[in-house]
Amino acid sequence: MATAIEIAGGFQSRVPNRSFAGGAAVARVAGVSKSYGSVQALREVELSIHAGEVVALLGPNGAGKSTLVKLLLGLASPTLGRVSVFGGDPKDTVTRERVGSMMQVGGVPATMKVREHIDLFSSYYPKPLLMTDVIELAGLQGIEQRQFGELSGGQKQRVLFALALCGDPDLLFLDEPTVGLDVEARRGFWDQIRRLAARGKTVLLTTHYLEEADALADRVVVINKGSIVAEGTPASIKASTAGKKIRVVTRMTLSSIERMAGVVSVSYDREAVEIQTSAAEATLRELLAADGEVSGLEVSNAGIEEAFLALTK
Ligand SMILES: Nc1ncnc2c1ncn2[C@@H]1O[C@H](COP(=O)(O)OP(=O)(O)OP(=O)(O)O)[C@@H](O)[C@H]1O
């Protein structure tokens, strides 16, 4: 019987092989710890964000992502260590004028019109973008005259995005930018974030959506219990957890597959068997030697989700 082998890449970097090692650091977090009473939200965090980079901060609830963003925005001070943005204090006005951030929906008056919100926010910045550019970049065409409170969840998120970018900031913080959006709206939003990045903006986003980090980020920083547990391109994070997934229809028993080289775990998935392996080639050789009639063979990289779970468990 013919055997079809499909190598599924599963990951596409936004800008493959871009390196920021030599780029100027626009933000630096050095030896930072932050405690709220007895709760230690961050522990000795070291992080640099370079010009033009899109960095995704990924971590489970309570990991410390928002705390890190608050420190970078100058909305809180570290208990220990130092935070600098554009070489200065994040609380300084000159620094703030170069920074944009997405607020929460609740922080925006409901009765003001979209255009009025953008006008007001633009007035806080020395060199804001033109209204027409903001409307276009955030995809707000046709709803400029609507009141904020009347908009759908996705439209509200786009207005918050417009308010973050209207001052033409060099550095943008997006705290869970697509929370609550459906798949289509989320993808539309990703396109808008990519367009901003293509204009040379530096973006730090926090997200629970592993797919989002994978789709947007040049670099993923995985944070858990206040510490950075992994950092790198989405591809390198996956590689560091050394995993491939093999899916195959075979008559072999789970226990005989379990004994094969590299196999980490094996389970049934409908008519097929799913094998997690750290040495895919060796596992495949043994598998094909033991059962010449395997079918529906697929090999894929372990997804970022598996990598994330392995790193934070
Ligand atoms: N103002 C505060 N007072 C007391 N504890 C706080 C405060 N802000 C955050 N914490 C605690 O610090 C820890 C980190 O919280 P943080 O909001 O930074 O996590 P997060 O990764 O953003 O979580 P989520 O994804 O749920 O938003 C949590 O244990 C949280 O309860």
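**Exercise 1. Where does Gly 106 lie, and is Gly 106 buried or exposed?**

Solution. The model is predicted.
- Step 1: Gly 106 sits in the loop between strand S6 (99-101) and H3.
- Step 2: take the neighbour count. Gly 106 has 6 other C-beta atoms within 10 Å.
- Step 3: apply the cut-off. A residue with 12 or fewer counts as exposed, so Gly 106 is exposed.
- Step 4: The C-alpha atoms of Gly 106 and Gly 200 are separated by 30 Å, and the two residues are 94 residues apart along the chain.

**Exercise 2. Classify the packing of helix H3 and helix H5.**

Solution. 
- Step 1: H3 covers residues 114-122 and H5 covers residues 153-165.
- Step 2: read the geometry. The angle is about 25 degrees, and the axes are 9 Å apart.
- Step 3: compare with the cut-off. Angles under 35 degrees count as roughly parallel, so H3 is roughly parallel to H5.
- Step 4: H3 and H5 cross in a right-handed way.

**Exercise 3. Describe the shell around the ligand.**

Solution. 
- Step 1: list the residues. The shell holds Tyr 36, Val 39, Ala 41, Gly 59, Asn 61, Gly 62, Ala 63, Gly 64, Lys 65, Ser 66 and Thr 67.
- Step 2: assign elements. Strand S3 (39-50) and helix H1 (65-72) each give two or more residues.
- Step 3: find the main contributor. H1 supplies the largest share, three residues.
- Step 4: Four residues are nonpolar, six are polar and one is charged.

**Exercise 4. How many residues of H1 are buried, and what follows H1?**

Solution. 
- Step 1: count. Six of the eight residues of H1 are buried, which leaves the helix mostly covered.
- Step 2: name them. They are Lys 65, Thr 67, Leu 68, Val 69, Leu 71 and Leu 72.
- Step 3: Gly 74 follows H1, and its phi is positive, near 75 degrees.

**Exercise 5. Characterise Asp 168 and Arg 270, residues other than glycine with positive phi.**

Solution. 
- Step 1: take Asp 168. Its phi is near 55 degrees. Asp 168 belongs to the loop between H5 and strand S7 (171-175). With 19 other C-beta atoms within 10 Å, Asp 168 is partly exposed.
- Step 2: take Arg 270. Its phi is near 50 degrees. Arg 270 belongs to the loop between strand S12 (263-269) and strand S13 (272-277). Arg 270 has 8 C-beta neighbours inside 10 Å and counts as exposed.

**Exercise 6. What separates the centres of domain 1 and domain 2?**

Solution. 
- Step 1: Domain 1 is 25-239 and domain 2 is 241-302.
- Step 2: take the centres over C-alpha atoms. They are separated by 41 Å.

Notes
Residues are numbered from 1 along each chain as its sequence is written. This is a predicted model: local features need pLDDT of at least 70, side-chain atom pairs count only at pLDDT 80 or more; totals for chains, interfaces and linings use all residues. Domain bounds come from an automatic or database domain assignment. A residue is near a molecule or strand if its C-beta atom, placed from the backbone, lies within 6 Å of it. Helices (H or I, at least four residues) and strands (E, at least two) are DSSP runs, numbered from the N terminus. Ala, Val, Leu, Ile, Met, Phe, Trp, Tyr, Cys and Pro count as nonpolar, Asp, Glu, Lys and Arg as charged, and the others, Gly among them, as polar. A residue is buried if 20 or more other C-beta atoms lie within 10 Å of its own, exposed if 12 or fewer, and partly exposed in between; C-beta atoms are placed from the backbone. Axes are lines fitted to C-alpha atoms, for helices over the stretch in contact, and angles run from 0 to 180 degrees between N-to-C directions. Angles under 35 degrees count as roughly parallel, over 145 as roughly antiparallel, 65 to 115 as roughly perpendicular and the rest as oblique. A crossing is left-handed if the near helix is turned anticlockwise from the far one by less than a right angle, and right-handed if clockwise.
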